[in-house]
Amino acid sequence: MAGISIYNHRDECSAGSTTARTHDFRMSATPDSEPVLSLEDIRIGFDKGNVLDGLSFSVAPRETKILIGESGSGKTLILKLAAGLIQPDSGSVQMLDHDLGRMSEKELLAFRRNIGFVFQEGALFDSLTVAENVAYCLREEHVDEEEIEPRVRESLRFVEMEDTLEKLPAELSGGMRRRVSIARALVTRPRVVLYDSPTAGLDPVTSQTIITLILRLRDTQGVTSVLATHRLQDAFGLASYEFDGRSGRVVPVAHNGASRPSGAATTFVVLREGKVYFEGSPRELADTRDEYLRRFLL
Amino acid sequence: MATTDPKFLEPNTISVTGAVAEGAKRWVLHVQEYSVLSARSVTNLFSPPYYVSDVLDQMDIIGVGSLPIVLLTGFFIGAVMVLQTAAQFERFGQTALTADVVSLALVRELGPSITGLLVAGRNASGMASELGSMIVTEQVDAMRAMGTDPVRKLVTPRVVATVLMLPLLTAMADFLGLIGGYLVSAFTLRLNAVTFWTRAIDILVFSDLMQGLTKPIVFGFIIATVGCYQGLKVKGGTQGVGRATTQAVVTASVVILVSNFFLTKLMLYLAGHVF
């Protein structure tokens with residue numbers, strides 16, 4: 001677990017690099033009581049009507065919020081709204097104490113460096129090597145070259161991909177690309193990581209590897225996460241297990257994830273017709289008698 | 001008993017005027033989005049960050065990469081012009097005038113236009129497909145998520161590189177065209193080198209060079225902005241990338257040919273009043 005050490009010092013993010021641009025956004029720490037992410041009465045529509053229609057929920061610090069819904073229910077849209085990649089037709093998105101609707105694109109570009117985003121297919125730059133992909137954000141921030149290499153190696157070591165530094169994304173399997181994508185998302189030591197269906201299209205073993213990585217990141221760094229998925233087994237895996245730093249193993253959670261001693265609660269949000277249909281703990285979802293929700297549990 | 005749903009019996013509500021208005025609105029929207037993208041690609045030049053290595057990469061791809069086809073085409077355009085005009089001038093015993101015609105036509109018109117169309121075919125399509133693929137695979141979103149402005153990173157370097165490279169490619173095409181013209185006139189008309197090159201150079205005045213090297217700057221801007229615009233508005237997966245690629249070449253070529261007319265008119269006016 002040598003690779004984890006640097007992530008225990010996330011506050012040093014800008015201080016560690018002498019030439020890194022320090023944005024005001026980095027300095028504003030969200031108090032533990034305040035939600036990290038809050039979406040209020042969000043409406044957004046396209047040609048065929050509203051995809052999100054009055055959606056509201058919030059994510060507490062260190063919480064893992066799992067978004068579940070059918071295809072086209074707006075899971076990816078919510079993540080993109082949370083990152084300020086798109087703006088809602090109405091409603092407000094508050095992330096890390098900032099109202100994203102009031103920020104210009106230039107401000108949003110700088111702000112997004114506080115957020116890690118893992119895209120569904122990885123979205124690695126196919127003309128860059130693995131190392132260049134992971135280093136991309138650091139180079140954009142003009143971090144010293146001497147500092148970039150160890151940080152890239154450390155990030156890749158965390159996802160157990162250190163031996164692929166010089167490979168191109170085309171030479172990697174789907175699961176490896178997702179792992180590199182996670183490494184790229186966490187190299188800037190973000191406070192929030194958004195995962196868009198990180199296990200979609202992967203075999204069960206590779207999916208488990210990805211979920212274990214997300215779990216490690218959550219339990220060792222206390223990173224707030226929002227994860228969109230339609231695979232309930234992954235969601236319950238995240239809720240039911242935790243990473244034990246002392247033994248370096250994934251172990252079952254006694255409280256089934258609803259109230260972890262570390263405060264890293266895992267909650268589910270089920271979307272239906274553009275609204276939050278269910279919000280609650282894994283236990284509440286597992287015990288539900290609702291016909292619609294039970295369809296996800298089968 | 002089977003019944004017919006009343007809604008299927010209603011008259012078709014799509015009117016011709018409605019369809020035309022809808023089409024016009026879409027067209028205006030395209031023009032607006034293209035104009036905004038083009039303006040941003042230029043205004044980005046006045047504030048950091050600058051992606052110099054991306055500009056150099058694109059200069060290599062656009063400039064060096066297009067050189068072989070531009071040289072080859074330029075050579076044969078010059079050669080075929082001599083073949084076409086020689087027969088006419090031989091009737092008057094003025095075969096030396098072929099050098100004048102080849103030189104003027106190449107430098108003023110054919111060099112910029114043919115080079116522009118070739119680079120549009122090669123690079124506007126390349127830009128549209130590259131950027132379109134990046135859109136489809138969410139690489140552009142990933143770029144924005146990591147705090148990079150895609151217009152600054154992807155569009156501006158391509159615009160700068162094309163605008164810088166196209167005049168140089170045009171000059172090379174003009175030169176190879178003259179060499180092609182000279183070789184054909186030497187073999188078919190027995191025109192000596194001194195006569196050909198003296199006439200070809202003497203016939204040109206400053207305004208001809210201005211015209212011949214200003215047009216590629218505009219054409220380069222059109223090629224890059226149209227190619228990037230078509231790429232960045234891709235929708236519908238790989239099929240959309242294919243459509244954007246075709247659309248980029250067609251649009252860039254048509255805009256080059258149309259703007260060439262107005263540029264020529266402007267240049268001829270300036271040649272008479274300014275230069």
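In which order do the strands of the open sheet of six strands in chain A stand? The order is 6-7-8-3-11-12, with mixed pairing. The model is predicted: local features need pLDDT of at least 70, side-chain atom pairs count only at pLDDT 80 or more, and totals for chains, interfaces and linings use all residues. Residues are numbered from 1 along each chain as its sequence is written, while chains are lettered from A and ligands numbered from 1 in the order in which they are written.

**View 1. The open sheet of six strands in chain A.** Strands (E, at least two residues) and helices (H or I, at least four) are DSSP runs, numbered from the N terminus. Two strands pair if DSSP finds at least two bridges between them. Strand 6 (115-118) and strand 12 (275-280) of chain A are the edge strands, each pairing on one side only. On average, neighbouring strands are turned by 15° against each other, direction ignored. Strand 3 (residues 64-68) and strand 11 (residues 266-272) of chain A pair in the parallel sense over five bridges. Here A:Ile68 stands opposite A:Val270.

**View 2. The open sheet of four strands in chain A.** Its order is 2-1-4-5, with antiparallel pairing. Strand 2 (49-59) and strand 5 (98-99) of chain A stand at the edges with a single partner strand each, so one side of each is left without a neighbour in the sheet. Strand 4 (residues 90-95) and strand 5 of chain A pair over two bridges. A:Met95 has A:His98 as its bridge partner.

**View 3. Helix 2 (residues 75-82) of chain A.** Eight of its eight residues are buried (20 or more other C-beta atoms within 10 Å of a residue's own, C-beta atoms being placed from the backbone). Helix 2 of chain A lies across strand 1 (37-46), strand 2 and strand 4 of chain A, at about 120° to strand 1. Contact means C-beta atoms within 7 Å. Angles run from 0 to 180 degrees between N-to-C directions, with axes fitted to C-alpha atoms, for helices over the stretch in contact. A:Gly84, with a positive phi near 75°, follows the helix.

**View 4. The largest nonpolar core.** A nonpolar core is a set of buried Ala, Val, Leu, Ile, Met, Phe, Trp, Tyr and Cys residues joined through C-beta atoms within 7 Å. Of its 115 residues, A:Ala82, A:Ala183 and A:Leu194 touch the most other members. Helix 6 (residues 150-188) of chain B gives the most, with eleven residues. Not counting residues up to four places away in sequence, A:Ala82 touches A:Leu37, A:Val93, A:Met95, A:Leu194 and A:Val226.

Note on methods:
A residue is buried if 20 or more other C-beta atoms lie within 10 Å of its own, exposed if 12 or fewer, and partly exposed in between; C-beta atoms are placed from the backbone. Two residues are in contact if their C-beta atoms, placed from the backbone, lie within 7 Å.
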